[in-house]
Amino acid sequence: MDREQLLDIARREMAQQVSHQEREPGWVLRHGSGTARLALELRKALLPADGDIDDTLYAAALFHDCGKYADAHQAHAQAGSQRARQLLAGVVQAQELDVICHAILVHDKRKAQPYTQLEYLLQDADILDHMGSIEIWLNFNYSARTGRDAAFSAEFYESREFRDMTDMNRSLLNYSQSVIAFQEKLEFALLFAERFRRECDGRLDYLVAHRQ
Ligand SMILES: [Fe+2]
Ligand SMILES: [Fe+2]
């Protein structure tokens, strides 16, 4: 499987795709390629002997949200599975295509049934690609696109909504190592949020504290 060819197809399909009203066009392309790389990183760390799944894992992760449209009525995993089948027919072997399309179909149905390792890896990489510095981008982008100010972004990290969302996403992870990675990313976001809040308020005390 030629990953450059897959990326070309992904760029043509998703570079201008509007998946959410409050996110930039092409979010799913960046998110898809980020999730694909993350999934390979997880596979190497968790299942070092299973490199033979890398090509199908990469393809499934790259296209996992290709069915996501802000104005869609069909469930995005189902739409994405169908669209990936069209996009990748003749590009990958028929058996690989079935694996890819099924992984896309179940990527958001976490904890619903036993899945393959490939499907677990994709599910975890998808969640991890929403946390850490990417989460800060999502937060700021949302605030800017909906006419909110900096304080709105800062307060989000102190909100019940953020805590609930974080708890839910963490509970949906399949591997304990994914939970560790998620927690590290969360702690970075919270550290950033604390400083952001202080800088928004014109404070320098965090600098003074660091000098002592
Ligand atoms: Fe999704
Ligand atoms: Fe996703």
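This is a predicted model: local features need pLDDT of at least 70, side-chain atom pairs count only at pLDDT 80 or more; totals for chains, interfaces and linings use all residues.
Domain bounds here come from an automatic or database domain assignment.

Figure 1. Residues are numbered from 1 along each chain as its sequence is written, and chains are lettered from A and ligands numbered from 1 in the order in which they are written. The protein chain divides into domain 1 (3-110) and domain 2 (133-211). There are 11 helices and zero strands, where helices (H or I, at least four residues) and strands (E, at least two) are DSSP runs numbered from the N terminus. The radius of gyration, taken over C-alpha atoms, is compared with a globule rule of 2.2 Å times the number of residues to the power 0.38. For the protein chain it comes to 19 Å, close to the 17 Å that the rule gives for 212 residues, so the chain is as compact as a globular protein of that length. Its C-alpha atoms fill a box of roughly 60 × 40 × 30 Å along the principal axes.

**Figure 2. Where the two domains meet.** The centres of domain 1 and domain 2, taken over C-alpha atoms, are 27 Å apart. Seven residues of domain 1 are in contact with eight of domain 2, contact meaning C-beta atoms, placed from the backbone, within 7 Å. On the domain 1 side, that makes three nonpolar, no polar and four charged residues. Ala, Val, Leu, Ile, Met, Phe, Trp, Tyr, Cys and Pro count as nonpolar, Asp, Glu, Lys and Arg as charged, and the others, Gly among them, as polar.

**Figure 3. Helix 3, tucked inside.** Seven of the nine residues of helix 3 are buried, so the helix is largely enclosed by the rest of the structure. Buried means 20 or more other C-beta atoms within 10 Å of a residue's own, against 12 or fewer for exposed and in between for partly exposed, with C-beta atoms placed from the backbone. The buried set runs through Thr56, Leu57, Tyr58, Ala59, Ala60, Ala61 and Leu62. These pack against helix 1, helix 2, helix 4, helix 5 and helix 6.

**Figure 4. The largest nonpolar core.** Such a core is a set of buried Ala, Val, Leu, Ile, Met, Phe, Trp, Tyr and Cys residues joined through C-beta atoms within 7 Å. Among its 41 residues, Ala39, Ala59, Ala60, Ala61, Phe63, Ile100 and Leu122 touch the most other members. Both domain 1 (3-110) and domain 2 (133-211) give this core at least three residues. Leaving out residues up to four places away in sequence, Ile100 touches Thr56, Ala59, Ala60, Ala84, Leu88 and Val92.
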